[in-house]
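Here is a short report on one protein model.

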Amino acid sequence: MSFRRFPTYAELSQHAAEHIAALLKRKPDALICLASGATPIGTFHQLVELAQTGHANLNQCSFIGLDEWVGMGPDDEGSCSYHLYHDLFIPLAIPAERIHYFNAKADDLAAECRRIDDAIAAHGGLDLLLVGIGLNGHIALNEPGTPFTHYCHVIDLHETTITVGQKYFTKPTPLTRGITIGLQHLMDAREVILMANGHGKAPVINQAMTAPVSTDFPATIIQRHPNAHVWVDEAAGALV
Ligand code: PGA
């Protein structure tokens, strides 16, 4: 696990976007899984700019959606897929056949989990997984207690996630369950980037990197991955 602290969020975002662009230069048809949420928005804006100025080629890569609130989809403002579509897929005009996202409104969510597991396998695995970290140590929607061996699964959300998750919506929104890629996908990915910014993330970044690896704090799994980077801004790295 490597660690790097950037002076500003803008520099962190720029670095992550350039890293993705470099991966796509080496492997244009890479399979990438990107988190939604507040943390990677700057990276997405930079990546769109790199693509629009001819410095990144996203014409062949495919995307896996990291997670979604059960019962929501890309048309629901504030959902995970809504953000990814608006910040990345729509500006880059990524065609539907290159986007593999959970249908969190499906009757058979177990079948949705298998569909995404199969899509990842069919592409030969994830080349890059970019994730944030929750205030309870979750990665994607793998809440504390989730076995490290899970692939895609449906999960009951913890109180912290339900409370913090309100920030994505303009009005109080009931959140109960999530559908998410699993931590075994993280371990199987060829490269993992864990990003965080802001003072609020400083304690959890420190814990992810230094606490004993345990399902009690899922982000500690990053310590076990052979090719993982923890990239933070000055504020989020203040305690490391
Ligand atoms: P955030 O979410 O980027 O909006 O802080 C991170 C997470 O909950 O995984």
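**Basis.** This is a predicted model, in which local features need pLDDT of at least 70, side-chain atom pairs count only at pLDDT 80 or more, and totals for chains, interfaces and linings use all residues. Residues are numbered from 1 along each chain as its sequence is written, and side-chain values use heavy atoms, with hydrogens and water left out.

An unreviewed UniProt entry carries the annotation "domain: Glucosamine/galactosamine-6-phosphate isomerase" for residues 10-231. Such annotations may be inferred rather than shown by experiment. In the model, the end C-alpha atoms of residues 10-231 lie 12 Å apart. The span is 33% helix and 15% strand. Helices (H or I, at least four residues) and strands (E, at least two) are DSSP runs, numbered from the N terminus.

**Helix packing.** Two packed helices are described by the angle between their axes and the distance between the axes. Axes here are lines fitted to C-alpha atoms, for helices over the stretch in contact, and angles run from 0 to 180 degrees between N-to-C directions.

Helix H1 (residues 9-26) packs on helix H2 (residues 41-52) at about 50°, with the axes 8 Å apart. H1 and H2 are therefore oblique to each other (under 35 degrees is roughly parallel, over 145 roughly antiparallel, 65 to 115 roughly perpendicular, the rest oblique). H1 supplies Tyr9, Ser13, Gln14, Ala16, Ala17, Glu18, Ile20 and Ala21 to the contact. H2 supplies Ile41, Gly42, Thr43, Gln46, Leu47 and Leu50. Contact means heavy atoms within 4.5 Å. By class, the residues of the H1 and H2 contact are eight nonpolar, five polar and one charged. Ala, Val, Leu, Ile, Met, Phe, Trp, Tyr, Cys and Pro count as nonpolar, Asp, Glu, Lys and Arg as charged, and the others, Gly among them, as polar.

H2 also packs on H3, at about 30° with the axes 9 Å apart. Ile41, Phe44, His45, Leu47 and Val48 of H2 meet Leu84, Asp87 and Leu88 of H3. That contact has six nonpolar residues, one polar and one charged.

**Single residues.** Which residues touch Ser81, not counting those up to four places away in sequence? They are Glu68, Gly73, Pro74 and Tyr101. Ser81 lies in helix H3.

Ala119 sits in helix H4 (residues 109-122). Beyond four places in sequence, Ala119 touches Leu31, Ile64 and His100. Gly178 is 59 residues from Ala119 along the chain, and their C-alpha atoms are separated by 19 Å.

Thr160 belongs to helix H5 (residues 159-164). Outside four places in sequence, Thr160 touches Leu135, Asn136 and Gly165. Thr160 and Glu143 are 17 residues apart in sequence and 9.7 Å apart in space, C-alpha to C-alpha.

Two alanines have positive phi. Ala93 has phi near 55° and is in the loop between helix H3 (80-89) and strand E5 (99-100). Ala140 has phi of about 50°. Ala140 is in the loop between strand E6 (128-131) and strand E7 (153-156).

The table lists accessibility. Buried means under 20% relative accessible area, exposed over 50%, and partly exposed in between (1.4 Å probe, protein chains only).

| Residue | Relative accessible area and class |
|---|---|
| Ser81 | 1%, buried |
| Ala140 | 8%, buried |
| Ala119 | 11%, buried |
| Thr160 | 34%, partly exposed |
| Ala93 | 60%, exposed |
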